[in-house]
Amino acid sequence: AFMMEEYLMELYIIKYYIKKALEKNDTDSAALITQKYLGDINNISLNIAVTGESGVGKSTFVNAFRGIDNRDEGAAPTGVVETTMKPEPYPHPRHPNVTLWDLPGVGTTKFPADQYLKYVEFEKFDFFIIVSADRLSENDAKLAQEIKKIGRKFYFVRSKIDNNLSDAKRSQREYDEEKTLQEIRENCIQGLEKQGVASPQVFLVSSFHLHLYDFPALQDTMERELPSHKRDFLILVLPNICKSTIYKKKEVFRSRIKYYAILSAFVAAVPIPGLSIAADSSIVAKVLQDYLNGLGLDEKSLEKVSNATKRSLSDVRHSVYPTVLVAAEEGSRMLPVLKIPIAALLSFTSIYRVLTSTLESLSVDAENVLMEALDIK
Ligand SMILES: Nc1nc2c(ncn2[C@@H]2O[C@H](COP(=O)(O)OP(=O)(O)OP(=O)(O)O)[C@@H](O)[C@H]2O)c(=O)[nH]1
Ligand SMILES: [Mg+2]
């Protein structure tokens, strides 16, 4: 209830400023205010610290989480000689308010765990991910205890699980993947408990195959344990690795539709010809772009699918992506994505209906794209 009141208050203020701007016949700034408001919804930030000893796969994890390949532009440098020496921020390519911080391991800095936390400015992180590739180091366990002391959450990621499984496959006569995973998991937990970390949360991950093993469970846990205003935010930036992620994203987007519809209705109520149309189209266009980005249907993501599946981009677009008829092909007075003349989008109800049905079909497309992308792995 509180959220809603706060929200209406905000809308009231926006409406006031829009009116003011209009009285001065200043339609540009009215549009600007609307834009700014839409931007503000997304103005929460999330900072995730990734730490662990040298060479364990921190930078690779940072890249994978952001949906980019180690070889891509903007990737955190990885490999045998690229030791991370100071905290390095890596913003999410499509959600710049989400930053993964690639931290040097405690061992690399030579600080004891408590001084280390000061050195990396722990206050700015929402939570910590402690990565290890083999046995967890004494440093990692100490760090976990210090993080607990300052009241932050931490998760252990046991990386490079794909390597362990192929080793096991080679050496065990009766290879059982589930059993091997369980053994590694228990081994990690016991090791940590021995070093004084009570009931640690350990997730087995391969950064090259996020959809396998425990990464989906890590996502669920992070999401559950975040404060609620950040939860929706995290959901929207998670890599699209399973159907349930797409479903959750859809639900977050859906819960916001009414707000956008209210906002456009406000703008439409102001009797200046031209303005409501401009504002509506910018609201709807922005929201639709958010849907495409969030659901992995933007051009960049489709290119990735196309590269991975070795199918042409237009093939991918047309076979798995029927809703969106590509912005570029549309006339300028048509909204991209929908073949609907802008003038039809004036009321609360029509905005609401259009966004709801588009979101529905886009999430079906997103599932198709996901299936397509996972098939080949
Ligand atoms: N098979 C496999 N290899 C991985 C995985 N994660 C990382 N690697 C490899 O491990 C090596 C080190 O990875 P980095 O991401 O550079 O490790 P780092 O922890 O950032 O290393 P420093 O910055 O040097 O401390 C690279 O060659 C990666 O390709 C994984 O999940 N599976
Ligand atoms: Mg690194």
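**Ligand 1**

I began with Lys160 and ligand 1 in this predicted model: a side-chain N or O atom of Lys160 is 3.0 Å from an oxygen atom of the ligand. I count a polar contact as a pair of N or O atoms within 3.5 Å; within protein, one must be able to donate a hydrogen and the other to accept it, and residues adjacent in sequence count only if both atoms are side-chain atoms. For Ser59, I found a side-chain N or O atom 2.7 Å from an oxygen atom of ligand 1. For Lys58, a polar side-chain atom lies 2.8 Å from an oxygen atom of ligand 1.

I then looked up the cover: ligand 1 taken alone exposes 650 Å², and the protein buries 87% of that. I take accessible areas from the Shrake-Rupley method with a 1.4 Å probe; for residues, only the protein chains shown count as cover.

Helix H3 (58-65) and H7 are the elements that give two or more residues to the shell. H3 gives the most, with three residues. Helices (H or I, at least four residues) and strands (E, at least two) are DSSP runs, numbered from the N terminus. The shell holds 18 residues, of which Lys58, Ser59, Thr60, Thr84 and Asp162 come nearest; a residue is near if one of its heavy atoms lies within 4 Å.

**Helix H8**

Which residues of H8 are buried? I list Thr180, Leu181, Ile184, Arg185, Cys188 and Leu192. Seen down the axis of H8, they fall within an arc of 135 degrees, so they line one face of the helix; the arc is that of the directions from the helix axis to the C-beta atoms. On the other side, Lys179, Asn187 and Lys194 are exposed. Buried means under 20% relative accessible area, exposed over 50%, partly exposed in between (1.4 Å probe, protein chains only).

I noted that helix H6 (138-149), strand S5 (153-158), helix H7 (161-171) and strand S6 (202-204) are among what covers the buried residues, with contact meaning heavy atoms within 4.5 Å.

At the N-terminal end, Asp176 caps H8, with a side-chain oxygen 3.1 Å from the backbone nitrogen of Glu178. Just after H8, Gly196 takes a positive phi of about 95 degrees.

**Whole chain**

I record 15 helices and six strands in the protein chain. Of its 377 residues, 47% are buried.

**Conventions**

Residues are numbered from 1 along each chain as its sequence is written, with chains lettered from A and ligands numbered from 1 in the order in which they are written. In this predicted model local features need pLDDT of at least 70, side-chain atom pairs count only at pLDDT 80 or more, and totals for chains, interfaces and linings use all residues; side-chain values use heavy atoms, with hydrogens and water left out.
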